[in-house]
Amino acid sequence: MAVHLENAKEIIEKVAQVLGEKYDIKVYFEGNRCETDGRTIWLPNFPDKMPNEFIEMLRGHLDHEVGHIIFSDFKVIRKSKTQLEAFALNAIEDIRIEREMEKIWKGCKINFQKNLEMILNEMEIAWAKHK
């Protein structure tokens, strides 16, 4: 079953408002990135219709980026001396902020788990193609 993109965007934007109401978070759908600068979240732009699994994936990405806005100290990450240091710090920070989000909003745990399952499934499919 596919959901019209405008409805999906509306759902995601409403979730963003609820999760970050006191943080004045803006959400944009453009390109193929999932990231935040601490005030704005960018999520991938998708076609007019998409499967429900992709909406669930977007929810997980949104929860993750909201977690960065609420819990990450962007000054620390920007002080990284190398790209490898920044990557490693962000990887550790990703785990930390997701655990913090799960403590506040129980639904985040479900969204993160669904994202992980989708990523692992995609990796399994990609691995099978290369065997």
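Student: Why does F29 count as buried?

Tutor: Its relative accessibility is 14%. Buried means under 20% relative accessible area, with exposed over 50% and partly exposed in between, using a 1.4 Å probe and protein chains only. Since 14% is under 20%, F29 counts as buried. Before we go on: this is a predicted model, where local features need pLDDT of at least 70, side-chain atom pairs count only at pLDDT 80 or more, and totals for chains, interfaces and linings use all residues. Residues are numbered from 1 along each chain as its sequence is written, and side-chain values use heavy atoms, with hydrogens and water left out.

Student: Where is F29 found, and what does it touch?

Tutor: F29 is in strand β2, residues 26-29. Strands (E, at least two residues) and helices (H or I, at least four) are DSSP runs, numbered from the N terminus. Not counting residues up to four places away in sequence, F29 touches K9, I12, E13, L43, P44, N45 and L58. Contact here means heavy atoms within 4.5 Å. Take K9: it is 20 residues from F29 in sequence, with 8.0 Å between their C-alphas.

Student: What about F74, buried or exposed?

Tutor: Buried, because its relative accessibility is 18%. F74 lies in helix α3, residues 74-78. Leaving out neighbours within four places in sequence, F74 contacts T36, D37, G38, H68 and I69.

Student: On to helix packing. What are the angle and axis distance for α4 and α5?

Tutor: Helix α4 (residues 83-104) and helix α5 (residues 106-129) pack at about 135°, with axes 5 Å apart. Axes are lines fitted to C-alpha atoms, for helices over the stretch in contact, and angles run from 0 to 180 degrees between N-to-C directions.

Student: What makes α2 oblique to α5?

Tutor: Helix α2 (residues 52-71) packs against α5 at about 120°, with axes 8 Å apart. That angle again falls among the rest, so α2 is oblique to α5. The residues in this contact include E53, E56 and M57 of α2 and C108, N111 and F112 of α5. By class, the α2 and α5 contact has 4 nonpolar, 5 polar and 5 charged residues.

Student: Why are α2 and α4 described as roughly perpendicular?

Tutor: Their axes come within 9 Å and cross at roughly 95°. That value lies inside the perpendicular range, so α2 and α4 are roughly perpendicular to each other. Among the residues making the contact are D63, H64 and F71 of α2 and N90, R96 and I104 of α4. The α2 and α4 contact divides into 6 nonpolar, 4 polar and 6 charged residues.

Notes:
Parallel < 35°, antiparallel > 145°, perpendicular 65-115°, else oblique. Nonpolar A, V, L, I, M, F, W, Y, C, P; charged D, E, K, R; others polar.
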